[in-house]
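This report concerns one protein chain and its ligand. It is intended to be read beside the sequence and the coordinates.

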Amino acid sequence: MAFNLFDAEDRILQQAEALRSQLAEAPDDVRAGVEALIQGFRRSVREARRLVRVSDRLHDQLARANHELARRKAEAEEALARLQDTQESLFQAEKLASLGGLVAGVSHEINTPVGIILSCASHLADATVHLRSLFEADDIGVEDFERYLGTAAEASRLILSNSERAANLIRSFKQVAVDRTSAERRRFDLRATLDETLVSLVVPLRQAGHALEFDCPPGIIVDGYPGALSQIVTNLVMNALTHGYDAGQTGRLTLAARLMGDFLRLDFADDGKGIPAGQRTRIFDPFFTTRRGQGGTGLGLHIVYNLVTAALDGTITVDTEPGQGTRFIIVFPTAS
Ligand SMILES: Nc1ncnc2c1ncn2[C@@H]1O[C@H](COP(=O)(O)OP(=O)(O)OP(=O)(O)O)[C@@H](O)[C@H]1O
Ligand SMILES: [Mg+2]
């Protein structure tokens, strides 16, 4: 049986109507009064029913709105999940693309020295065959022999220097692929690790005649990759020595570490030549070098960038003006 909210009111009305029929003999004003009471009560019950209907309707609307809200929330959550998936695959695609570019770059870079090695070796082989045939025909003159010695010396010099360049490229390329899992992770004392790194750089620093000021508070413990940190500092110092100054110029380098809450800030600066505006945005790109053909592979800062972002989970920025020196600022969490 359907639940009637107005059961009690209906019963009162029935009782009132029964009362009214019993009042047939009563004076007119009493009957009129009872009739007015019944009508008044009926009106108020009607009004109450109307209010209940309105409230039911509002309740329905609210339920529908809630339902709609829940549906949209689910939709938004799904869209967010899809977006995160897309972002992840974009990130992977970007990594693949940059890896593809890097592989193409390495092949291109290695192609030059390997090509030179090949042509020198075949030139040397030809010259040797020629000398042997002269020798076997007993027709060898002093000039032939001298020419051959010259060719052999030049070819072996080129073979050596280009092999060295190819080996350099391969060594650098191996460092580009920063792999957190293969690197050694541990808790280490920041000052001790940086000190050790700088000790290994004393000789090139002294040879170049530069002073390095090191400033790091004691007792800072980092949970991370000391090898990565050491490689970053080494690359930055070697870059300052290689690119920062003209021969004979003495410079002042500074390395300062500061703890800022849960983050560390490493600040490495030289007071050398600086980097022109047009090159500033490209220095972290693989193979960007201003010393091509003079031993530069252009992978040094790319490796630094990868180490900072992937191994230290940090950021690196450069601040430099021509003639105003170069400053690298690295910020990373003490526990990544
Ligand atoms: N301290 C610095 N002062 C001036 N220029 C710099 C400095 N550090 C880097 N650069 C510029 O940034 C370029 C890229 O540096 P990066 O370390 O990537 O390559 P590289 O030193 O030329 O070669 P590699 O490190 O492979 O031997 C350099 O060729 C140089 O022009
Ligand atoms: Mg370098």
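The model is predicted: local features need pLDDT of at least 70, side-chain atom pairs count only at pLDDT 80 or more, and totals for chains, interfaces and linings use all residues. Residues are numbered from 1 along each chain as its sequence is written, while chains are lettered from A and ligands numbered from 1 in the order in which they are written.

**Overall form**

Eight helices and seven strands make up the secondary structure of the protein chain; helices (H or I, at least four residues) and strands (E, at least two) are DSSP runs, numbered from the N terminus. Along the principal axes, the C-alpha atoms fill a box of roughly 160 × 55 × 40 Å. The radius of gyration of the protein chain is 43 Å, whereas a compact globule of 336 residues would have a value near 20 Å; the quantity is taken over C-alpha atoms, and the globule rule is 2.2 Å times the number of residues to the power 0.38. Of the 336 residues, 17% are buried. A residue is buried if 20 or more other C-beta atoms lie within 10 Å of its own, exposed if 12 or fewer, and partly exposed in between, with C-beta atoms placed from the backbone.

**Domains**

The chain is divided into domain 1 (94-176) and domain 2 (186-333), with bounds from an automatic or database domain assignment. Their C-alpha centres lie 34 Å apart. Nine residues from domain 1 and seven residues from domain 2 form the contact, a term that requires C-beta atoms, placed from the backbone, within 7 Å. On the side of domain 1 that touches domain 2, helix 2 (28-136) and helix 3 (142-176) are the elements that give two or more residues. Helix 3 gives the most to that side, with six residues.

**Core and ligand shell**

The largest nonpolar core has 32 residues, and those with the most contacts inside it are Ile232, Leu236, Val304, Leu307, Val308 and Leu312. Such a core is a set of buried Ala, Val, Leu, Ile, Met, Phe, Trp, Tyr and Cys residues joined through C-beta atoms within 7 Å. Helix 6 gives the most to this core, with seven residues.

Helix 6 (226-243) and helix 8 (300-311) each supply at least two residues of the shell around ligand 1, and helix 6 gives the most to the shell, with four residues. Thr289, Gly296, Thr297, Gly300 and Leu301 come nearest among the 23 residues around ligand 1; a residue is near a molecule if its C-beta atom, placed from the backbone, lies within 6 Å of it.

**Individual residues**

Ile110 is in helix 2 and is partly exposed, with 16 other C-beta atoms within 10 Å. Leaving aside neighbours within four places in sequence, Ile110 is in contact with Ala166 and Leu169. The C-alpha atoms of Ile110 and Asn162, 52 residues apart along the chain, are separated by 9.4 Å.

Most residues other than glycine have a negative phi.

| Residue | Phi | Loop |
|---|---|---|
| Phe287 | about 75° | between helix 7 (277-280) and helix 8 |

Asp138 is exposed, with 6 other C-beta atoms within 10 Å. Phe287 counts as partly exposed, with 19 C-beta neighbours inside 10 Å.

Conventions
Contact = placed C-beta atoms within 7 Å.
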